[in-house]
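Good morning, and thank you for joining this group meeting. Please take a moment to look at the structure before I describe it.

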Amino acid sequence: MAINVFDELPPSGVFVNESVLSPEFLPDVLPGREKQIEQLAMALRPFAVGRKGASVLIFGPPGTGKTSSAKSVLTQFKDFAQKAQVAYINCWQHYTQQSVLAEACRLMGLAVPRRGLATDEVRSDFFNHLQKHGIQLVLVLDEADRLFHKKEEALLYDISRATVPIMVVAITNTPDVFQRLDPRVKSSLSLQAIDFPKYNPLELKTILRERAGKAFRKSAWSEDVVGLCAAYAAKAGGDARVALDVLWKSGRQADRRGALMVQEQDVRAAMAEQDQLNASVAKRQAGANDIEQSILAALDGGPKYSSDLQKELDVPERTFRRHLEQLAQKRVVSVEDEQNVGSAGKRRLVKKV
Ligand SMILES: Nc1ncnc2c1ncn2[C@@H]1O[C@H](COP(=O)(O)OP(=O)(O)OP(=O)(O)O)[C@@H](O)[C@H]1O
Ligand SMILES: [Mg+2]
């Protein structure tokens with residue numbers, strides 16, 4: 001029988017459960033988030049006993065436990081409020097009203113065809129379903145600012161006017177977009193804001209200690225290692241994701257040396273690895289800006305069709321489309337579909353705003 005390369009790998013010297021450090025792991029306890037968790041639970045409680053609750057806006061920088069805290073509270077909410085249902089939707093994956101509503105229907109067990117339905121039809125399927133079954137719905141819109149990029153926030157208008165009980169939990173890095181909402185919508189959703197500030201070094205240490213205890217062998221980690229990772233993440237914006245990632249990479253470095261304990265040298269190597277990764281991301285972003293600059297320069301003389309623009313700049317089509325989309329999202333350019341009379345194709349006119 002052929003040898004399986006995975007069976008041949010040496011056993012890890014430091015990890016007992018490496019997956020505890022992976023981004024998918026949902027911890028049972030979230031140190032430093034006790035106050036926010038209580039605020040969210042208080043906001044949800046009236047809804048659990050059948051009264052209309054205020055909707056919630058959770059905001060804060062990356063890696064501050066917004067998604068994890070919301071998931072943890074809502075899992076407990078489902079046990080507590082047996083009549084209510086929860087639909088968790090990531091708006092990076094579902095960024096149109098139609099897609100959000102179709103996904104919410106799917107999560108409630110109502111199949112909606114992926115294609116061929118108009119937004120209005122999906123919307124009425126969604127609201128009818130809630131009405132017919134007397135469902136109280138908590139609609140979690142994670143990364144909700146994505147809806148605003150393409151003016152898909154009209155979804156919130158529909159919800160604010162709905163006669164069925166829906167409570168929205170919107171999660172975002174950039175709460176400013178919500179300021180743009182119509183004041184009537186804001187007041188009927190009565191959004192209650194919950195702030196998730198960045199973690200300080202002490203909080204990061206507590207988070208890391210908790211996780212290191214589960215991920216590593218008993219004597220394979222130390223307070224020093226945790227302290228170094230926490231300091232690095234504190235500098236990187238108080239981001240728990242960065243802290244856990246550096247700790248994980250440190251463990252891997254130790255494994256690569258065949259060591260039985262994570263040492264300072266491993267953490268230093270992990271930080272260097274992380275810095276290098278950040279530098280290459282920064283470089284890619286600078287490159288992106290170059291293309292965006294040349295798109296803008298080419299539009300100085302007036303609007304152009306997107307296909308002409310792409311040929312003029314001689315950038316691969318997908319790259320071009322991606323950057324054009326970025327500029328449109330930033331509202332630096334507008335892109336309008338124009339029916340091309342006499343042929344089947346559509347042309348897109350690009351203008352500087
Ligand atoms: N208080 C905490 N205790 C333990 N782990 C935490 C805590 N806060 C965050 N984490 C961990 O950090 C990572 C990022 O957390 P999470 O995804 O909840 O952040 P977020 O605020 O939603 O970030 P983003 O804005 O980028 O979506 C996850 O792996 C999570 O398990
Ligand atoms: Mg998140």
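Predicted model: local features only at pLDDT ≥ 70, side-chain atom pairs only at ≥ 80, totals over all residues.

**A ligand between two domains**

Ligand 1 lies between domain 1 (34-195) and domain 2 (199-278), because both give residues to the shell around it. These bounds come from an automatic or database domain assignment, which also gives domain 3 (299-352).

Residues are numbered from 1 along each chain as its sequence is written, and chains are lettered from A and ligands numbered from 1 in the order in which they are written.

Let me turn to the shell. A residue counts as near the ligand if its C-beta atom, placed from the backbone, lies within 6 Å of it. Of the 20 residues around ligand 1, Pro 62, Gly 65, Lys 66, Thr 67 and Ser 68 come nearest. Helix 3 (66-80) and helix 12 (240-257) are the elements that give two or more residues to this shell; helices here are DSSP runs of H or I, at least four residues, numbered from the N terminus.

How do the two domains meet? The C-alpha centres of domain 1 and domain 2 lie 35 Å apart. Their contact takes 5 residues from domain 1 and 6 residues from domain 2, where contact requires C-beta atoms, placed from the backbone, within 7 Å.

Finally, Leu 139 touches Ala 87, Ala 104, Ile 166 and Val 168, not counting residues up to four places away in sequence.
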